[in-house]
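Dear colleague,

I am passing on the structure below, and I would be glad if you kept it open while reading the notes that follow it.

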Amino acid sequence: MRKTFFLFILSLLSITMQAQTTMITPPYLQKGDTVAILATARKHIVKSMQPTIDLLESWGLHVVVGESIGLEENQLAGSDEQRAADLQEQLDNPNIKAIWCARGGYGTVRVVDLIDFTQFKKSPKWLVGFSDVTVLHNHLNTMGYKSIHGIMPISLAKASKEAIESLRLSLFGQPLQYAIDTHPMNRLGKATGELVGGNLSILYSVLGSPSAIDCTDKILYIEDLDEYLYHIDRMMMNLKRNGCLESLKGIIVGSMTDMKDNDIPWGKNALEIVQDVTKQYNIPVIFNFPAGHIHDNRALILGNNVTIEVTENCSTVVFE
């Protein structure tokens, strides 16, 4: 009798632990839903939001343009309080089913701690963006919610058809998978795990904060823009020393765009740096995945389980 009771308690604990690690999927969009566009970081001064509105309306969606669009305080889209208030309003509004951040740059980290996620937890919604928006992706991940790493209105005019379509598929809950050409640096193998990550500089900057992700048994996606090569090495070494890399199941390396070097060269490009720092881990690695600060910025559902398979012929990423 005592043994049976003990096994029952262990079973309950196991179920509880599984429930705690299951990521929450916000409701996928349906025609007639409303999407809010706002700015959490750098200012978005444009003559017209019409191309973005036209795209969303072509998908059968309604659009609300947040008050942060058009605001200006030096580099930022208004004060921290103004940007936080706009984000808070759209998070709390039950009629808003997705929030699309207009652009990145810098500034999201200045507002994330001003946000009350109480209503969001009662009525989750999709948050979309990349680059500096990684702050919110990581913060939502620590809370147990999925989000979408994808193109933003600032990059819409130059975005590939494939990038735009992948965002639509992600928002509407349609099957999402990728098959890309092989890369000579790839490490072969197959793995399944929760996809986490985003911009490497942001991942590095939030380590040790409440927004830092847990890398254990995850598949890590990274990309970056306009960094010195030794900075890439510094950030990768930081992830390594924090125990993030040794616990991963796999790595997806997106674009490393417009990297810079010193007068005395670092000696490795960005992909070679990642390869060097991760070479001791026996996990599959996909290099040059089409996501990041490039026109072909394919959508990735962060927090979702994915299976990656790297062969000599191609690499595949399949979302459950």
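Predicted model: local features only at pLDDT ≥ 70, side-chain atom pairs only at ≥ 80, totals over all residues.

Alanine 98 belongs to strand E3, and its bridge partner in E4 is tryptophan 126. The two strands E3 and E4 run parallel and are joined by three bridges. Although alanine 98 and lysine 125 are 27 residues apart along the chain, their C-alpha atoms are separated by 5.2 Å. Leaving aside residues up to four places away in sequence, alanine 98 touches Lys125 and Trp126, and also Leu29, Thr34, Val35, Ala36 and Leu171.

**The sheet**

Strands E3 and E4 are part of an open sheet of six strands, ordered E2-E1-E3-E4-E5-E11, with mixed pairing. Strand E2 (62–65) and E11 stand at the edges with a single partner strand each, so one side of each has no neighbour in the sheet. From one strand to the next, the twist averages 25°.

**Helix H6**

Helix H6 covers residues 161–171, and because eight of its eleven residues are buried, the helix is largely enclosed by the rest of the structure. Among these buried residues are Ala163, Ile164 and Leu171, and Leu171 is also one of the residues that alanine 98 touches. The buried residues of H6 pack against helix H2 (50–58) and against several strands, including E3 (96–101) and E4 (126–129). After H6 comes glycine 173, which has a positive phi near 70°.

With best wishes

Methods:
Residues numbered from 1 in each chain as written. Heavy atoms only, no water. Buried < 20%, exposed > 50% of the residue type's maximum accessible area, 1.4 Å probe, protein only. Helix = DSSP H or I, 4+ residues; strand = E, 2+ residues; numbered from the N terminus. Contact = heavy atoms within 4.5 Å. Pairing = 2+ DSSP bridges. Axes fitted to C-alpha atoms, helices over the stretch in contact; angles between N-to-C directions.
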